[in-house]
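Work through the exercises below with the structure open. Each task is followed by its solution.

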Amino acid sequence: MTTTDQTDVVLEARGVTKHFPVRRTGRDLVVGRRRTVHAVDDVSLHLRRSTVTALVGESGSGKSTVARLLAQLYPLTGGEIRLGGQAVKAGRGRSFRSYVRQVQLIFQDPFASLNPVHTVRYHLTRALRIHGREATGTELTELLERVQLTPAAQYLDKFPHELSGGQRQRVAIARALGADPKVLLADEPVSMLDVSIRLGVLNLLRDLKERLHLAILYITHDIASARYFADTTLVMYAGRIVEGGDSETVTQRPAHPYTQLLIASAPDPDRVVAEAEQEEAGSGEPPSLIAPPAGCRFHPRCPKAMERCRTELPPRFELADGQWAACWLYADGAETTDNAGDHEKAAAK
Ligand SMILES: Nc1ncnc2c1ncn2[C@@H]1O[C@H](COP(=O)(O)OP(=O)(O)O)[C@@H](O)[C@H]1O
Ligand SMILES: [Mg+2]
């Protein structure tokens, strides 16, 4: 984070918010109430060229919604998305197609994202053609070689069910690369795969980051894999990002009590955790996003909660080495910046 600057930023979210309307009940109609799920609130992040950014959080914290918003699959409730420094306008026209070509989404379940009646050749040919590229044997072979499915001829005429889970995810990645994107949004790309082949797929993504200079958003509920695989880590809780920084720093010196809880409950052979700590970590449940807690959303579960945490939303507090946390524990002696841009400037110094 300290060696990069604004010019590396490919995709940026500024204060991005998404509230989903909840189906109205009879009572809602009577009292004139419109309730919403606060799935994502005021999320700001940067995805940089040749960088993997992990977005970590438990199920239901809003990670997939962030990915879908960044892929322009949903309209925003609030905030702004910028691609290459330009604000992105909502719409379905040519600019939308150009956006989709540059920002590709990879899903958790490669079986669901590939059509079972079509071969690998069909999927890749279609991806190349949709994005106005040639789809000769050479291009198809190149795509498969990039995802390390070689010799390519052995895979081109296979159907999805004839491949292993890892091979299917590689085909899904090859198809995304068919668009020649700048950004890959990978939503839990290995969580459906056997543990034994996860590392291979993560290493492939890292290799693509380095060779194709892709900006990758790696979404996961597994903070241990973020440490291993991502350059930068962002931690999400109940629709908000609560901590960010270099992966090494965030995972070795977590600042936010929620991040500390995540790490304490993640299996990590390198670290011995006291059992009492684990017990404490496991307690509590994520809050309702229809009526999220006031103040800090984590306060009902937080072992360090103070009075102000119940009522006042903590801003981002800057810590050392580009790390920040939205937590009142750091209010003293820390410089506050609510603005992500200012944060980046501070980090670049
Ligand atoms: N299309 C939708 N309509 C209504 N609520 C949704 C929709 N998509 C997600 N949600 C809700 O938003 C919250 C965040 O979901 P999601 O982004 O899928 O979290 P994650 O990927 O971290 O598990 C959840 O409470 C979920 O029920
Ligand atoms: Mg999800």
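The shell around ligand 1 divides into 4 nonpolar, 7 polar and 1 charged residues. Keep in mind that the model is predicted.

**Exercise 1.** List the residues around ligand 1, then find which element gives the most to the shell.

Solution.
- Step 1: The residues around the ligand are Phe20, Val37, Ala39, Gly57, Ser59, Gly60, Ser61, Gly62, Lys63, Ser64, Thr65 and Leu289.
- Step 2: Two or more of these residues come from strand 2 (36–48) and from helix 2 (63–70).
- Step 3: Helix 2 is the top contributor, with 3 residues.

**Exercise 2.** Work out how helix 5 (residues 120–130) packs on helix 8 (residues 165–177).

Solution.
- Step 1: The angle is about 25°, and the axes are 8 Å apart.
- Step 2: Angles under 35 degrees count as roughly parallel, so helix 5 is roughly parallel to helix 8.
- Step 3: The crossing of helix 5 and helix 8 is right-handed.
- Step 4: Helix 5 makes the contact with Val120, His123, Leu124 and Ala127, and helix 8 with Val171, Ala174 and Arg175.
- Step 5: By class, this contact of helix 5 with helix 8 has 5 nonpolar, 1 polar and 1 charged residues.

**Exercise 3.** Do likewise for helix 8 and helix 9 (residues 195–212).

Solution.
- Step 1: Helix 8 and helix 9 pack at about 15°, with axes 10 Å apart.
- Step 2: Helix 8 and helix 9 are therefore roughly parallel.
- Step 3: Helix 8 crosses helix 9 in a right-handed sense.
- Step 4: From helix 8, Gly165, Gly166, Gln169, Arg170 and Ile173 meet Ile197, Gly200, Val201 and Leu204 of helix 9.
- Step 5: The contact of helix 8 with helix 9 splits into 4 nonpolar, 4 polar and 1 charged residues.

Definitions and conventions
Residues are numbered from 1 along each chain as its sequence is written. Chains are lettered from A and ligands numbered from 1 in the order in which they are written. This is a predicted model: local features need pLDDT of at least 70, side-chain atom pairs count only at pLDDT 80 or more; totals for chains, interfaces and linings use all residues. A residue is near a molecule or strand if its C-beta atom, placed from the backbone, lies within 6 Å of it. Helices (H or I, at least four residues) and strands (E, at least two) are DSSP runs, numbered from the N terminus. Ala, Val, Leu, Ile, Met, Phe, Trp, Tyr, Cys and Pro count as nonpolar, Asp, Glu, Lys and Arg as charged, and the others, Gly among them, as polar. Axes are lines fitted to C-alpha atoms, for helices over the stretch in contact, and angles run from 0 to 180 degrees between N-to-C directions. Angles under 35 degrees count as roughly parallel, over 145 as roughly antiparallel, 65 to 115 as roughly perpendicular and the rest as oblique. A crossing is left-handed if the near helix is turned anticlockwise from the far one by less than a right angle, and right-handed if clockwise. Two residues are in contact if their C-beta atoms, placed from the backbone, lie within 7 Å.
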